[in-house]
Amino acid sequence: KGKCPEDGWDESTIELFLHELAIMDSNNFLGNCGVGEREGRVVSGLVARRHYRLIHGIGRSGDISAVQPKAAGSSLLNKLTNSVVLDVIKLAGVRTVTSCFVVPMATGMSLTLCFLTLRHKRPKAKYIIWPRIDQKSCFKSMITAGFEPVVIENILEGDELRTDLEAVEAKIKALGAENILCVHSTTSCFAPRVPDRLEELAVICANYDIPHIVNNAYGVQSSKCMHLIQQGARVGRIDAFVQSLDKNFMVPVGGAIIAGFNESFIQEISKMYPGRASASPSLDVLITLLSLGTSGYKKLLKERKEMFSYLSSELKKLADNHNERLLDTPHNPISLAMSLKNLDETNDAAVTQLGSMLFTRQVSGARVVPCGSVQTVNNYTFKGFMSHANDYPCAYLNAASAIGIKKQDVDVFLKRLDKCLKTFRKEAKQEKSLNEISDANAATEQLED
């Protein structure tokens, strides 16, 4: 049926299935005689076993989704993977998606492929409207495609950074709709930035007849992000949405899914990819989804959501204990942020030092964001880089509840963070005491004089 099985398969069944696919490829035929330059020859047995002897890759030179006659097994693998992944995207919340394909590039380059496909549809266009998110790959994806990003600064609403819809529409009017390639929005992001107002942006795109590409990097694991995409497509325009394989399906880095609601446009994107492609990302995600089944993946999604609530409540307690606060970002379903105001006021370098301390204590993924850092990316200067705003009110620390996180991860992180913050408080007290002693000595000397 081309759908993800409800119950996961055991490893021996998956391996049997993959071996059956592999013997359909010509390089594995007993009497094969290859006289071309690409015949699936692999000199290392270890490499051959690592890829289950599926050596031909996917697609043909003109289309990544095309069937390769001498690699029937690899072609079937590709078709099945795309079909199973489409089923899982529907299960995750985007029920009206019509087409998708796995591409052996991470999210940034996959976004670039979408922009390059739109170039042929809108030859006059040179701008991309981009509500600001301080993440280099999505910014560079526009530069690499040869377009000029038009950065729309976010609006601060409470603690949250949200899409400035009026600024988006004003910029469209100022530049002219025909000169704009697309609006490039974002769902999954680091707090205190929250997902873009996708429904409203989709309506604006429909009204001005401008394409809309969504960076949904790690949004498949969030029912809220997927709901925003579904609603945006229902009320307005979303041409394609791109998500990472590693972040959503716990496979090695190197693949993404490009999906959309217009099958012909998604096919155009797949035809834009030059040459054949590695089958590794498709193989990894197919093995993973067959082993999990829909019930296993749903369970992971449920656990992630539960861990988000747990991380939120425990991080709030820790913040209160250290006279800080958990920033109020209810529209962000994956990432949390805790203020570091006291740390920042104590010592300018203390915030970045905290990041180093956590890293050396084997806490990975936590981001420490100081105030006022400036960074230049491809000749564009961002003030307050990493905080998604020029002047966010305070320094803060990020932590995320992503798919696969365990209660132990949360508990160990909080324990180590608590210890680091106590170290800073102790040092601050000692420094204060030393300053008071120094002041008292100076006063005594003055009286004696």
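Helices here are DSSP runs of H or I with at least four residues, and strands are runs of E with at least two. Counted that way, the chain has 14 helices and 14 strands. Keep in mind that this is a predicted model.

Now the overall dimensions. The C-alpha trace spans about 105 × 55 × 40 Å along its principal axes. The chain has 449 residues, and 51% of them count as buried. What about contacts along the sequence?

Next, the lysine. The unreviewed UniProt entry places a modified residue at K247, listed as N6-(pyridoxal phosphate)lysine. That label comes from the record, and such annotations may be inferred rather than shown by experiment. Where does K247 lie? It lies in helix 9, which covers residues 245–249. Is K247 buried, exposed or in between? Its relative accessible area is 36%. Buried means under 20% and exposed means over 50%, so a value in between counts as partly exposed. K247 is therefore partly exposed.

Which residues does K247 touch, once neighbours within four places in sequence are set aside? There are T107, A217, Y218, Q221 and I403.

On to a helix pair. Two packed helices are described by the angle between their axes and the distance between the axes. Helix 7 runs over residues 198–208, and helix 8 over residues 223–235. They pack at an angle of about 30°, with axes 8 Å apart. How do we name that arrangement? Angles under 35 degrees count as roughly parallel. Helix 7 and helix 8 are therefore roughly parallel to each other. Their crossing is right-handed.

Who meets whom? From helix 7 come L198, E199, A202 and V203. From helix 8 come L228, I229, Q231, G232 and V235. By type, the residues of this contact divide into six nonpolar, two polar and one charged. Gly is counted among the polar residues here.

Last stop, N347. This residue sits in the loop between helix 12, residues 341–346, and helix 13, residues 350–360. N347 has a relative accessible area of 37%. How far is N347 from D409, C-alpha to C-alpha? The two are 62 residues apart along the chain, and their C-alpha atoms are separated by 29 Å.

Conventions
Residues numbered from 1 in each chain as written. Predicted model: local features only at pLDDT ≥ 70, side-chain atom pairs only at ≥ 80, totals over all residues. Heavy atoms only, no water. Buried < 20%, exposed > 50% of the residue type's maximum accessible area, 1.4 Å probe, protein only. Contact = heavy atoms within 4.5 Å. Axes fitted to C-alpha atoms, helices over the stretch in contact; angles between N-to-C directions. Parallel < 35°, antiparallel > 145°, perpendicular 65-115°, else oblique. Left-handed = near helix turned anticlockwise from the far one by under 90°.
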